[in-house]
Structures are given as structure tokens and as C-alpha cells.
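Please look at the sequence and the structure below before reading on. The points after them are meant for someone who has not seen this structure before.

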Amino acid sequence: MGKKNKKPAMASDDASPTMESQTSGPTKKPSSTSSSAPQPSPSPALVICRNKHWRYISSFHGPWLQLPLEVLETLANANYYMPLPRPVDPAVFYDLVKIRQLVDGATDLAVRAANGVASSALSNSLAGGAAHHMQALGLGFSNNGGAKLSPERRFRMREQATQKLSRAYHLDEIASSVATMQSTSTLENVAGLVLQRSPNDPDANYVHFFHEKIPSRQLAECTDFRALDLIIGQRPSDCEPLRTRAIVRIFKDDYEGAVQDLTTALGVCRLQQPRHQPAAEETMQLERRGGRRRDNPPIDERDQPSSTEVQLLFQRAGCYLTLACDHVPLALRDSPIEQNGNLQNGTNGTGNGTSRGGSVPPEAEADLVDKGLSKRQLEMRKTVRLYAKRALRDYMEYLKHFHYSPNLPVEVSDDFSRQVNQATHRNKRYYNQPRHASLDPGSPTGSSAGHTVYALASLFSAMPPADLPPYPATELVSVGSAATESVQTTTEVVTYHPLLTDALHSLLLCHTLIQTSAKELQRHAHMVARLARLADGYPVFQASRSPARADWIEVLRRAENWIDLSSSWEALCAPAPLPTPLSANGVSTAAASMNALSITGGASSSETDEQRKERMRQQAIIEALEDERVNDEASFKAAILARQRRAEADHVSSINGSIPSPSIGPKRWAVDDGREYPILTERAEAVARWVREAPTGMGTGSSKRKKKPRAKKALEPEDTETADAA
């Protein structure tokens, strides 16, 4: 993972002259004398905006992009006033609302400035609908007065649009990138037009950095830090440009520099952000609403939770994990071919006296290699564990922001589904019964009797909570068998975050590099599977691919399931069945889940075999285009073929009954049922090799190894690190 951009960079050296010849005009064509130089020109490189290269873009897709803005804001307030654990992280939910407001407002200003319209004739269409799409395309405007806007007025409108876009990218650059992709192309040029007159405008420079056109999949080669350095110098109290510069460093494989930027950004964020006290505010809001469940007053923007710290923690944890994986090859014994090459080249301090005459026997060469590399390998092993521990620390801090309940009453989750249906189907009478008032107003967390809430980080502590339902049970619960079970009164619930699944599986990779005992790692793996099967982004997020989950599945396969999981990882993470209470009054969760399909449109039940194959092929192409590991035509075709085979296998399994069909019973929204992309990444290869080859006695607290006098000095620090990690 850490070096996946290096291979395309080699090919870009040959592609860069082609790009220069295309962008510099026809003056360079006569200068080339060789016949081979003009040959690549018939295949021009695809030029797209820089923000379309951003990682985890697929994690932020969902109906929030199409829902009317008023409905989205209503859902955000309803989500905020739900008892812990809330269905969706409120910080991300409110960020989506603000980003939609800012991007829609910027679209209105940019289109009006381009068309010369003084007032927005379609201002009420910003809430959504067909008129909004016409406005995004620059249609539907009419200059009633006939007077054209002055250049100064147009510049001011574009300047305001740029400020709105800059504010959106400050909130969340991934979600803002997704939102701007769905908007008009006029937004791509608005910052550039402002820079023509104000080249040092920080907002325009920040927006133009995301919207600048570069060759596809060449972000590292076509991006420098001059614009970001200028913004950071102009606004040292903003942590968001530091976050953006760190992400660019990640693309350039400068992970240590990215860690420095993210650490600085975290310090600035914790000093500059508003003092938001989640515990006290949640208690106040929950006690305030008491018995008036219908009143969800909007939260002032200054009191809304911020997601910036969570973003920085997740990104820094990923950098630490990549650094740990990058040091794995240096910490392990090379293959015989690599050892022979090192001896002949005199590398690692072992070839100076052994490769000159060639008379040293192979046994002596092996002894010299062992003696020469042992100290370096021990240092690298300590470095691997050090970076893995730092990544684990940041992932645990990330998980502290989200909650889990093993016994949330079903009527509480059912209540949120009814609120969603009421907001999204206002013209229908889906919701005409009084809401359940089962919450205890005197509870400090708004919990009912027996309703317990835990921070996700506490589930991975040395002493996890004792009242959790057993998982995995003797038989994995399937969706098809949910209808035959007894009526449930409580259910397991976890707060959803778009990056939660990736963080949970990355946590398992960290424990693997730290060499946590197999029994303890098995417990953590079962906990991750429990939470992953509950993760549900309803009603705003859809399922997305998790690179860390794909790597974890590959590590389990290549390490031959060394932690003795009882079933395959796909089976352990199969979506948990939704509770289906039999209620004569109101809409059940199952019905709400079915009704929710109308937000995005459900699949037709009368689908022919040809239509199904075409749908699978189109879906495979879309997923392959979003895959960061696809960097050439061969890998692109392999990705499409692998996903088509996976879809066919799932279809056959659903018919045979080995895997429950999604059409049987209610199904959770944002859970990816399918197996992940099977192309091996460098991160998965490094972790799997670490499991197979790294000596478990080093740093695992073995008392026998402590008694050895020669290895005692090298092992004592490792034992301390492992104890701290445990």
C-alpha cells in the first residue's frame, strides 16, 4: 500500500513528454527528430480534477447528495436527538448538511455570474428538484431587465462562490469533493477566474488546488506544495490546509512528512476549534426534550460537533500503519536470491570481505549474513512495532468518538426509521401514529431501563464489557432465518461513520504487527466482525469498499487462519438481520427498510438473466474505476473480471441457499456483503509475511527468551512495548 504509486511513476516518465507536447501547443512538434517520440501522441491522457483522485471517495456516496436540503437537515436533527448510540455520527451528518448548503449556494452564484443574472429566479430550487438540476446546468434563467452585469459584479459573485467552496473543503475535503462532482462544471473554473485578478487569495488558491485539471492517476507527479505553502503561511491558525498537504504527501509516499503535518494540524485543531463538550451538551439536550419527542429544534452551528479531529486521527493512523508495513521487509530475513545479491554488492556491511575472491564457503557466508544483519533486523523489528503501536493508539482515539449498545430497545430504532419515512414521504401518510415515549427522561444518557452504552474503544480493552451477547454464536444468524425467530425487544446498534469499517480492520492489522497473542487477536477479530455486520449508514450513506478489509481477508488466507477463526471472514461479517417487531400501530423497522429503497430506487424483481449480467458488468466497471490499486489496463481488466466472478458466485450461492439472498427479509443499508477485491496489495503482503516469518519470541514477553544473556538487552525494550500495547 505504501508504495503503490511508485510503479505508475516509472511509467509516467515516458508519458510526461506526451503531456508536455499536448499542452504546450504545436511549437514542440517540429523539435522532435526521432520517429519514436510522436508515437504516444495519438493516445492522450485523461485530464480530470485533482480532487477526483482523493482516497475514500466511495465511502461518502449516498442519498445525501440527492435528498432535498430541508429533508437532510431534518434528518440530521432527528439523528442528533436520538439516544446514544446515535444511528450516524452527528458531526459527519451536520457536515453533510453544511456542505450541501455551501455547494448549492456556490453553484447558484457561479451559474448566475456566468449567465449574467443579477438575482436568483430559482432560489427556492436549492432545496432540490428538477429546477435545481436545470440551474446546475445553467438553464432556466432569464434576464428580465435586459441589463448585463458589470465585470465587477460578476467578480464579486465568483469571489463569494469561492469562499463558500473553500469553507466546504475546510469542513471535509472528501465529502466536498463528492458533492462538487455531482454539481455543475461551472464550479471547476470559478476559482481560476478569481485568481486571474487576485492571485494571492487564500480561498481561491485552496479551491483551485482541488479543481485544477491534471492527468489521471498522476497526482504525485503533477502536484507541488507551492499553493498549499502559501495558504499555510497566510493562515497559520487553519489546520485544514495542513491536512490537505499531508494527504498530498501520502500520494508522494512521504509518510513521515505527512505525519508531521497531521501532528501539527491536530495541535492547531485542539487549540482553535470551539470548546465543544459532548457529554455535557448531550445530557442537556436529552434532558431538555424530556417528553416532547416531536420538537427537534435546530442546533446552532457553533454548538454542532466537529469532525476535523476524527479526520486527522484517521489519516495519521493510516500513515503510521503504512510506515510499519514499509519496514517489514527490512526486519525479516531476505530470500536466498536477495541474500546472494546483497553479498555480491557488498550491502548491509557484509560484502566487503566475502565477495572479493569468491573462496569463502556458502556456510561461512550465511554465518556472516546472520551476524551482520541480526542487529539491524532487531532495530527494524522494533521500528515496525513502534509505528504499529502509534497507529493503534490513533485508531483507538478515533473509536472513542463512537458508541455501541448491546441492548437498545427495538422501538427506539424503529422510531428513527419512522422519522426518516415521515421526512422523506411528506405527501404520504406513512407516519400518523404517536411516537413511542419509552425513554426515561431522567437518565443522563437518555437510555431506557437496561439500555447500556459503550465507547467503541472500550470494546477492545484488556477487560471488555461482560454483558455483551456472545458472538459468534454456535450458529451464525442468517437473514432468511430472521422471520422464524421470536419477536425481539432489544437489538445491537453501533454509530455509523463512513470510515469506521476501514478503521476497524486496520486495527486488526496493527495488532498483527505488534504480535498480539493469537487468542487475544481472535477476540479482537470477533469484535470487529460483530461491529462490521452492524454498521449501517441508513439513511444517508451507501455501502463502500474497504481497502483494510480486503487486506485483512488476504492476510487471513495467506497466513492460513493462524488465529483459528470458526468461519470465513465473509460469513462472520455477514449483515446482521434487522429486528422485526410485530407492531399493529406504526411502521416496523422492516417496513421502514423496504420503504427506504424509494430514496434511491430499488432493483426490479422481474430481472432477466441478460439484464442481471449487464447490471453486474456495469457495477464491476464502476467499482474498478474507484479502485485505487488499478493503475493500468491489465489491472483494470483483472478487476472487472474478478468482480464479475464474485457477483456470479454470490448469485449462485444465494440460489443454492449457502448465502442468504438479499431479497429474503429486511436488509441493512450500508453493508458490503461481497468479498473484497482479490488483487494483493503491498500492505497485505507485508503483514502476511510478518505473520509467517517474524519470530514470535521477539517482544512477546516470553520468559525463556528473557533469561538468555546475549539477547536480553535487545529483548527487554520489546517486552515493555508489547506490555504497553496489551
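This is a predicted model: local features need pLDDT of at least 70, side-chain atom pairs count only at pLDDT 80 or more; totals for chains, interfaces and linings use all residues.

1. Sheet. Three strands form an open sheet in the order E4-E3-E5, and the pairing is antiparallel. Strand E4 (454–455) and strand E5 (490–494) are the edge strands, each pairing on one side only.

2. Pairing of E3 and E5. Strand E3 covers residues 403–409 and is joined to E5 by four bridges in the antiparallel sense. For Ser405, the bridge partner in E5 is Val493.

3. Helix across the strands. Helix H19, residues 518–534, lies across E3 and E5. The angle between H19 and E5 is about 95°.

4. Helix H17. This helix spans residues 410–424, which is 15 residues. From first C-alpha to last, H17 reaches 21 Å, close to the 21 Å expected at 1.5 Å a residue. Twelve of its 15 residues are buried, so H17 is largely enclosed by the rest of the structure. The buried residues of H17 include Asp414, Asp415 and Arg418, and also Val410, Phe416 and Val420.

5. Cysteines. How many disulfides does a search of the whole structure find? The search finds zero. A disulfide needs two cysteine sulfur atoms within 2.5 Å. The cysteine sulfur closest to that of Cys325 is in Cys510, at 8.1 Å, which is too far for a bond. Seen from Cys510, the closest cysteine sulfur is that of Cys325, again at 8.1 Å and too far for a bond. Cys325 counts as buried because its relative accessibility is 5%, and Cys510 counts as buried at 0%.

Definitions and conventions
Residues are numbered from 1 along each chain as its sequence is written. Side-chain values use heavy atoms; hydrogens and water are left out. Helices (H or I, at least four residues) and strands (E, at least two) are DSSP runs, numbered from the N terminus. The expected span of a helix is 1.5 Å times one less than its number of residues. Buried means under 20% relative accessible area, exposed over 50%, partly exposed in between (1.4 Å probe, protein chains only). Two strands pair if DSSP finds at least two bridges between them. Contact means heavy atoms within 4.5 Å. Axes are lines fitted to C-alpha atoms, for helices over the stretch in contact, and angles run from 0 to 180 degrees between N-to-C directions.
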